[in-house]
Amino acid sequence: MPIPQASSQAYAAYNEIKRRIFSGEFAPGARLREIEVAQLLELGRTPVREALKRVQDEGLLRQEPGRGLVVTTMDQQEVGELYAMREVLESAAAALAARHAADAEIANMEAILREGGSDPVALNLRFHEAIYSAAHNRHLIRLLRSLTDTTYLLGRSTLSSRPRAKAAQQEHAGIVAAIRDRDPARAAEAAREHIHQALLERLKMLRQG
């Protein structure tokens, strides 16, 4: 059965709105009016309305009195809450990966570590996705991807700092070593500490503006 045109347009609008939020084109605090977004995307207002509602449900947009729908901004407390949840879920994913990862999945993590390259942010995303997949828990994967999306609202990655990028690479190696050794407790602690160090870097960036 073919997908109804309205549904496919709403899905396209949803993906494009998220892409523009992640790229910073729709910056935190920016007001998104339905009619203007529809004109920008050259789509009807109905699929755009559905898409905006879906993005709002995911927490990337919020309703503000007197302004309407705006791209979510996060204060220091909200940043702390985000990273606290990441510590819990990332450590759970690492522990599950230590229990359930196939040898090929561990080899994939190790291959990502060896790649290096000029884009530490992209490699970091691939590395964490590899752990999520190796955890073999679809509900956990969904929650972690939602938190990853929310992290985009913070703008510049903590890995834009060369010292932090180098430290993160070493932390990744520790996580993989624990997963390879099938040590869930050690993997969980390594992942928790990794996210905690990312939080410290994020707070430093916020203080520096």
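The chat below goes from the overall fold to single residues.

Q: What should I know about the model and the numbering?
A: This is a predicted model, in which local features need pLDDT of at least 70 and side-chain atom pairs count only at pLDDT 80 or more, while totals for chains, interfaces and linings use all residues. Residues are numbered from 1 along each chain as its sequence is written, and side-chain values use heavy atoms, with hydrogens and water left out.

Q: OK, how many helices and strands does the protein chain have?
A: The protein chain has nine helices and two strands, and along the sequence they follow the pattern α-α-α-β-β-α-α-α-α-α-α. Helices (H or I, at least four residues) and strands (E, at least two) are DSSP runs, numbered from the N terminus.

Q: And which domains is the protein chain divided into?
A: The division is into domain 1 (8-71) and domain 2 (76-207), with bounds that come from an automatic or database domain assignment. Their C-alpha centres lie 28 Å apart, and nine residues of domain 1 are in contact with five residues of domain 2, where contact means heavy atoms within 4.5 Å.

Q: How much of the protein chain counts as buried?
A: Of its 209 residues, 42% count as buried; buried means under 20% relative accessible area, exposed over 50%, and partly exposed in between (1.4 Å probe, protein chains only).

Q: Let's move to α8. Which residues are buried there?
A: The buried residues of α8 are Arg164, Ala165, Ala168, Glu171, His172, Ile175, Val176, Ala177, Ala178 and Ile179. What covers them includes α4 (76-100), α5 (103-115), α6 and α9 (184-208).

Q: What span does α8 reach?
A: With 19 residues, α8 reaches 27 Å from its first C-alpha to its last, close to the 27 Å expected at 1.5 Å a residue; the expected span is 1.5 Å times one less than the number of residues in the helix. After α8 comes Arg182, whose phi is positive, near 55°.

Q: Back to Ile175: what does it touch?
A: Not counting residues up to four places away in sequence, Ile175 touches Ala94, Ile131, Ala190, Ala191 and His194. Ile175 counts as buried because its relative accessibility is 1%. The C-alpha atoms of Ile175 and Ser91 are separated by 9.6 Å, although these two residues are 84 apart along the chain.

Q: Where is Thr158, and is it buried or exposed?
A: Thr158 is found in the loop between α7 (138-151) and α8, and it is buried, with a relative accessible area of 8%. Leaving aside neighbours within four places in sequence, Thr158 is in contact with Tyr83, Arg164, Ala198, Glu201, Arg202 and Met205.

Q: What does Glu201 touch in turn?
A: Glu201, which is found in helix α9, touches Thr158, Ser161 and Arg164, again not counting residues up to four places away in sequence. At 12% relative accessibility, Glu201 counts as buried.

Q: Changing topic, which residues form the nonpolar patch on the surface?
A: Val121, Leu125 and Tyr152 form that patch, with about 200 Å² of accessible area together. Leu125 has its place in helix α6 (residues 120-135) and is partly exposed, with a relative accessible area of 31%. Patches are made of residues with over 30% relative accessible area and no salt bridge, with like charges joined within 9 Å and nonpolar side chains (Val, Leu, Ile, Met, Phe, Trp, Tyr) within 5 Å. A salt bridge is a side-chain nitrogen of Lys or Arg within 4 Å of a carboxyl oxygen of Asp or Glu. Accessible areas come from the Shrake-Rupley method with a 1.4 Å probe, and for residues only the protein chains shown count as cover.
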